[in-house]
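Try each task before you read its solution.

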Amino acid sequence: EKSVTAHEGAVIFIKWSHDGGALVSGGEDGEVKIWSKSGNFRSSIASTGVAVYDACWGPDDDQVLFTNEKSLMIKTVQASRKNLQWKAHDGIVLCVDWNIANNLIVSGGEDCVYKVWDSFGRQMFSSRAMEHVITSVAWCPNGESFAVGLHNILRLCDKTGWTHGRETLDCGSIMDLAWTSDGTQLAGAGGNGAVVFAQVVGRRFEWK
């Protein structure tokens, strides 16, 4: 129905707000922009000067969290709250997700580490260095767990960061993750053209 010139260079992400009333987009030009649901430009909330690889809306749709090289930034759409920025990783941050149920943030980057944060930028958990770069993270809608994607590996972690499951796959780097609304299944977009479908099973094994 409509095509608009949004960014210089590639648009890397575009995300609906939780209420469906707005979109946020960003890309190689370092701009983070807000659009109406009809595709009209509202505002540019950031101009970072470096490629922005991911962003997400805050639980109340009045804030946007996005990557800025090794840092994470939270910008308020309306000027009612102060903005926040903190160094998150030792490499470029590639993926981030903010959960509406528990108000926690998970991020991953080129340092091969994923981390859990609260909404004030305080670190709650940091993983050990994984085998490869973290290319995708996604919260389960109920906030009880999240998934982490990297090269040929999919991890399921609880909200405190501990790994519940680790699956070795033949899919290349998992570039994106999507949960079903009931949180029982997720799909991963593989770098080699494969799509991975996973089901969460209610089995636990305890040792000592």
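**Exercise 1.** Work out how exposed Arg166 is, then find its salt-bridge partner.

*Solution.* Start with accessibility: Arg166 has a relative accessible area of 38%, so it counts as partly exposed (buried is under 20%, exposed is over 50%, and partly exposed is in between, with a 1.4 Å probe and protein chains only). Next, the partner: Arg166 makes a salt bridge with Glu131, and their closest N and O atoms are 2.6 Å apart. A salt bridge here needs a side-chain nitrogen of Lys or Arg within 4 Å of a carboxyl oxygen of Asp or Glu. This pair ties together distant parts of the chain, 35 residues apart: Arg166 is in strand β15, Glu131 in the loop between β12 (123-126) and β13. Strands are DSSP runs of E with at least two residues, numbered from the N terminus. Finally, Glu131 is partly exposed too, at 37% relative accessibility.

Before going on, some ground rules. This is a predicted model, where local features need pLDDT of at least 70 and side-chain atom pairs count only at pLDDT 80 or more, while totals for chains, interfaces and linings use all residues. Residues are numbered from 1 along each chain as its sequence is written, and side-chain values use heavy atoms, with hydrogens and water left out.

**Exercise 2.** Which side chain of opposite charge is nearest to Asp97, and how far away is it?

*Solution.* Asp97 is buried and has no salt bridge; Lys15 is the nearest side chain of opposite charge, at 5.9 Å. (Lys and Arg count as positive, Asp and Glu as negative; His and the chain ends are not counted.) Then look at the backbone: the Asp97 side chain reaches the backbone nitrogen of Trp139 at 2.7 Å.

**Exercise 3.** Describe the lining of the largest pocket.

*Solution.* A pocket is an open set of points on a 1 Å grid over the protein atoms alone, where a 1.4 Å probe fits and protein lies on both sides within 12 Å along at least five of seven lines; lining residues have an atom within 4 Å of a point. Volume is the space filled by probe spheres set on the points, and here it comes to about 780 Å³. Count the lining next: 32 residues, with Lys15, Asp97, Val137, Asp176 and Leu177 nearest the centre. Strands giving at least two lining residues each include β1 (11-16), β9 (93-98) and β15 (163-179). Sort by class, and you get 21 nonpolar, seven polar and four charged. (Nonpolar covers Ala, Val, Leu, Ile, Met, Phe, Trp, Tyr, Cys and Pro; charged covers Asp, Glu, Lys and Arg; the others, Gly among them, are polar.)

**Exercise 4.** Where does the largest share of the second largest pocket's lining come from?

*Solution.* This pocket holds about 620 Å³ and has 19 lining residues, among them Leu156 and His164. β14 gives the largest share, five residues.

Technical notes: Helices (H or I, at least four residues) and strands (E, at least two) are DSSP runs, numbered from the N terminus. A polar contact is a pair of N or O atoms within 3.5 Å; within protein, one must be able to donate a hydrogen and the other to accept it, and residues adjacent in sequence count only if both atoms are side-chain atoms.
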